[in-house]
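User: Hi! Could you walk me through the structure below, a few questions at a time?

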Amino acid sequence: MTTSLPPQETATDSEALGSLIRGHRLRIGLTQRELADFSTISVRAIRDLEKGKAQRPRTDTIRLIADGLRLGPRARAALEEAAQRGHRSTDSRRLALECPAPPMPLHLLIGRDAETEVVVEELVSGTERLVTMVGLSGVGKTRLALEVASRLYEGGFPVLWHAAPDAVADVLPAGDDPFAALTADCADFLHGDGQANGLPPRLADLLDGRGVLLVLDGADTGLLDFRRLSRLLRGFPGLRVLVTAEKPWNVPCERLFLLSPLEAPAPSGGTEAPATRFFLSRLRRVRPDIRPDAQCSADIARICHRLDGHPMALVAAASWLAVCDVPTLRDIVESDPAPLLDHLSGGPGGSRLQERAGHTLNRLPAEHRELISALSGTGDTEFDLNDVVRLTGRPLPDCGRMVRDLLVSGVIRSSTDTGRSAFRVLWVVRALSRPAAAEAAA
């Protein structure tokens, strides 16, 4: 289901055709030659369209270009409308006419429909203007942010996307980005760098009466300046800010959005759970020869349950199917999945999962780490507030706050396996905590 977005006042009334084509082309990382090959339109025709030399292109030409750009219904309609109006842009209105787009993801989003709808609705309506998305590394914050940004872009919102230097770039490169300098100016401003005495000047030209989404992917919220954010939000009423981070910013106007792992199946569940569908998508990439039967599907459900539906853990585990079969993988995961939490190829995403999870765990207060260690040392996979009271000896309100802190950090997740309000320590965290628990017991 797609959220219905209200039309932006100027996004469809004044967009230049050439700017639209060029913006969509750069968004998916195509050269003019590549677009010509995909659309069967000549390079010269595409060049003339982007430069505004072709005032009245044929309907078939626009249709072929839209096919080559793989546009959705809304973006295609906007392109066709711009073609009917003709090219009317000027240099002074270029920023207002062009619409910067988010990067293009490499993989489909699976099992995040509800989360996407909520964030899109809040940002589009302006109910929330600052959303900080938190969760354990590898849980899918960047992928969800890309989906949200794409939905807003289709609704006419320009998107300025800034990725932290160490952010995992699971996207197609966009090539030359004419808005890179503006995006950097906005990020530097919020970090207290550059533009020391004034707001990013070109942002007003881009807004021009419409909403703009600024995404800070992989931000260190401890380095962001809330006073500068306040100046941005006051100075530009149409601005929305979406942050993905490992910890909240903890500022007054922040809407904290906790992203948990994908919904995992019961140990004997089928293939409909989002975590299972996600694992199957990876299985097809690694072992397309495997056609899961009933027994194989049951094994996969047990793998996904054991790994808590954590996307990066599932990616890492699936990579090992290159050297083992599904029953063997299930046996290893059920005995000790820790060795499988690193990607078989040693790639940067999978190989850093335990490192990043360890960083999150070490950043917690000592009493929180002691609780996680105690929980990991028990044979139980689930716990509730009464268990926390028993293990810590603290009052119930203190225990409730500790559980909330652990949820926000992403090291535990809610569990409904038994039909009661309970929680479970993620296996990637449990694997890191077990040595400490064993050492304490000794």
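Predicted model: local features only at pLDDT ≥ 70, side-chain atom pairs only at ≥ 80, totals over all residues.

User: Which residues of helix H9 are buried?

Analyst: Helix H9 covers residues 180–190. With the cut-off of under 20% relative accessible area, its buried residues are Leu182, Thr183, Cys186, Ala187, Phe189 and Leu190.

User: Why can those buried residues be said to line one face of H9?

Analyst: Look down the axis of H9 and consider where its buried residues point. They line one face of the helix because they fall within an arc of 160°.

User: What covers the buried residues of H9?

Analyst: Both strands and helices take part in the cover. Among the strands are E3 (159–163) and E5 (212–217). The cover also includes helices H10 (203–207) and H11 (226–235).

User: How far apart in space are Asp188 and Leu224?

Analyst: In sequence, Asp188 and Leu224 are 36 residues apart. From C-alpha to C-alpha, their separation in space is 9.3 Å.

User: Are H1 and H4 roughly parallel or oblique to each other?

Analyst: Helix H1 (residues 17–27) and helix H4 (residues 59–69) pack with their axes 10 Å apart, at an angle of about 25°. Angles under 35 degrees count as roughly parallel. H1 and H4 are therefore roughly parallel.

User: Which residues make the contact, and how many of them are nonpolar?

Analyst: H1 brings Leu17, Ile21, His24 and Arg25, while H4 brings Ile62, Ile65 and Leu69. Within this contact of H1 with H4, one residue is polar, one is charged, and the nonpolar ones number five.

User: How does H7 lie relative to H8, roughly parallel or oblique?

Analyst: The axes of helix H7 (residues 113–125) and helix H8 (residues 141–154) come within 10 Å and cross at roughly 50°. That angle makes H7 relative to H8 oblique.

User: Is the crossing of H7 and H8 left-handed or right-handed, and how many residues of their contact are charged?

Analyst: H7 passes H8 in a right-handed crossing. On the H7 side, Glu115, Thr116, Glu117, Val119, Val120, Leu123 and Val124 meet Leu144, Glu147, Val148, Arg151 and Leu152 of H8. The residues of this contact of H7 with H8 divide into seven nonpolar, one polar and, for the charged class, four.

User: Where does Arg70 lie, and what is its phi?

Analyst: Most residues other than glycine have a negative phi. Arg70 lies in the loop between H4 and helix H5 (73–85), and it is exposed, with a relative accessible area of 52%. Although Arg70 is not a glycine, its phi is positive, at about 55°.

User: Where is Asn250, and is it buried or exposed?

Analyst: Asn250 has a positive phi of about 60° although it is not a glycine. Its place is in the loop between strand E6 (239–245) and strand E7 (255–258). With a relative accessible area of 64%, Asn250 is exposed.

Note on methods
Residues numbered from 1 in each chain as written. Heavy atoms only, no water. Buried < 20%, exposed > 50% of the residue type's maximum accessible area, 1.4 Å probe, protein only. Helix = DSSP H or I, 4+ residues; strand = E, 2+ residues; numbered from the N terminus. Arc of directions from axis to C-beta. Contact = heavy atoms within 4.5 Å. Axes fitted to C-alpha atoms, helices over the stretch in contact; angles between N-to-C directions. Parallel < 35°, antiparallel > 145°, perpendicular 65-115°, else oblique. Nonpolar A, V, L, I, M, F, W, Y, C, P; charged D, E, K, R; others polar. Left-handed = near helix turned anticlockwise from the far one by under 90°.
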